[in-house]
Amino acid sequence: MSTSTASTPAEEFADFVHATGGALYRTALLLTGDHHLAEDLTQTTYARVFASWRRVSRADNPAAYARRVLLNGFISHRRLRRNAEMPTSTLPDDPGSDADPSARIDLLAALQRLSPTDRAVLVARYWEDRSVSQTAADLGLTETAVRTRSKRALERLRPLVADIFPERTTR
Amino acid sequence: MNDPENTFRTALHERVADQHPDYARISAGAISAGSRIRRRRRITVTVGAAAAVGAFTTGGLGLSQLLTTTAVDQAPLGAAGAPSASASTAPLASGQSLDLGDGVTGQVVTNDEAKTMDITIQTASARPGAGTGFTIVLSGPAGAVEQKWSNDTLLEDYPGVTIATQGARVGLVDEVPVAQPPGWTCEWYLIDDKASCTSEDGGVAGLVIRPAEDYPDWSKSGDKAGPRSGSYITPLHGDIFISVQSGEGTTDAELEALASSLRWTD
């Protein structure tokens with residue numbers, strides 16, 4: 001982390017936020033699907049980081065620490081609070097079935113139809129490019145669970161965002 | 001990695017590539033909240049609160065012997081990829097009372113004991129660790145308690161723990177506060193002060209009942225509510241108002257119309 005222009009911990013931290021906040025916020029946006037919630041989650045994450053800034057700033061990869069705090073914060077908070085969950089009753093039981101192209105929705109919205117954990121798995125694997133084993137460690141899941149959830153979640157997304165998976169919708 | 005996975009990865013990146021947060025606001029808010037966490041971090045763990053306090057008041061124990069810890073700041077961070085390692089070395093046990101600062105006390109019970117109590121689960125850690133099998137029931141000033149479970153590091157200090165507050169959660173209202181808006185079907189979760197609404201053409205929006213004290217902030221901030229913010233709000237109604245927030249398939253105009261169509265039931 002660059003500290004060339006920072007003279008106090010707060011200034012150094014502000015530099016850190018500016019350097020890493022964009023990626024962290026976009027992760028939060030993919031997880032929450034709402035920019036207000038994403039900013040809240042991002043700010044809460046950084047608050048926790050700042051609370052331990054003296055140690056975090058000396059770590060090899062403070063950004064990785066922040067990312068994991070965000071992921072765990074999201075999972076922990078959402079597990080028992082269904083507050084912003086969208087209805088999932090419309091989720092297709094057979095994700096491989098032919099989808100109505102007119103029903104295609106925005107990718108961000110489609111992600112919100114997944115469970116929080118499934119969403120976190122996809123975001124970790126395909127947005128953050130974490131390996132299966134890293135994702136499993138990040139989210140406290142087994143590698144088998146990560147693979148299963150990842151496959152299932154992608155299958156559920158297929159009919160919702162058909163343009164991303166053309167090979168299944170042009171048949 | 002097969003092509004669908006690669007195309008999905010590309011799609012994710014393209015979808016959020018132009019999204020940017022308010023860095024200054026996040027930084028300032030994080031420093032403020034993080035500073036509060038630091039001030040409250042000095043956690044005093046008393047094993048068997050009554051006995052320990054009694055022993056202390058009679059001079060039998062010094063504070064340092066009451067397992068006082070500032071371990072979070074002193075604990076090694078370890079690899080950046082493994083920050084979840086518990087910073088707290090003190091294991092939890094049923095009957096413990098944690099002095100969490102700002103007048104907040106955490107009573108430690110087993111999860112089985114928690115099932116028999118009149119409490120509300122607020123959050124929980126999914127990771128196994130020192131807190132697995134235990135629930136910390138928070139009590140104290142309402143604002144400080146909420147700050148404790150929502151912003152503090154208890155879940156990191158005690159992986160696996162469940163955090164609860166005393167008393168069954170009560171929503172801001174006892175009954176659905178608005179009539180079913182025309183063209184929409186809303187499912188209410190009053191305990192969470194929220195509703196999820198689906199329009200006849202499949203659009204989705206969320207309603208959130210909010211306390212009146214939040215109204216000035218919402219009504220004055222164009223970033224929170226108004227055109228292109230993703231949210232609209234109703235006028236203040238008694239001690240509550242409702243924010244209408246966008247979901248999939250809902251346009252800004254539809255959102256504004258939904259907010260305008262809400263009619264209070266009382």
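A crossing of two helices is called left-handed if the near helix is turned anticlockwise from the far one by less than a right angle, and right-handed if clockwise. By that convention, α1(A) passes α6(A) in a right-handed crossing.

Before going on, the ground rules. This is a predicted model, where local features need pLDDT of at least 70 and side-chain atom pairs count only at pLDDT 80 or more, while totals for chains, interfaces and linings use all residues. Residues are numbered from 1 along each chain as its sequence is written, chains are lettered from A and ligands numbered from 1 in the order in which they are written, and side-chain values use heavy atoms, with hydrogens and water left out.

Back to the two helices, which are DSSP runs of H or I with at least four residues, numbered from the N terminus. Helix α1 of chain A covers residues 9-32 and helix α6 of chain A residues 116-127; their axes come within 9 Å and cross at roughly 140°. The axes are lines fitted to C-alpha atoms over the stretch in contact, and angles run from 0 to 180 degrees between N-to-C directions. Contact here means heavy atoms within 4.5 Å. On the α1(A) side, A:A23, A:R26, A:T27, A:L30, A:L31 and A:T32 take part, and on the α6(A) side A:R119, A:A120, A:V123 and A:W127. Six of these residues are nonpolar, two polar and two charged, where Ala, Val, Leu, Ile, Met, Phe, Trp, Tyr, Cys and Pro count as nonpolar, Asp, Glu, Lys and Arg as charged, and the others, Gly among them, as polar.

Next, salt bridges: a side-chain nitrogen of Lys or Arg within 4 Å of a carboxyl oxygen of Asp or Glu. For accessibility, buried means under 20% relative accessible area, exposed over 50%, and partly exposed in between, with a 1.4 Å probe and protein chains only. B:R25 is partly exposed at 35%, and A:E39 is buried at 12%.

Which residues are linked in a network of salt bridges? They are A:R68, A:R130 and A:D138. A:R68 meets A:D138 at 3.9 Å, N to O, and A:R130 meets A:D138 at 2.9 Å. A:R68 and A:D138 are both buried, as is A:R130.
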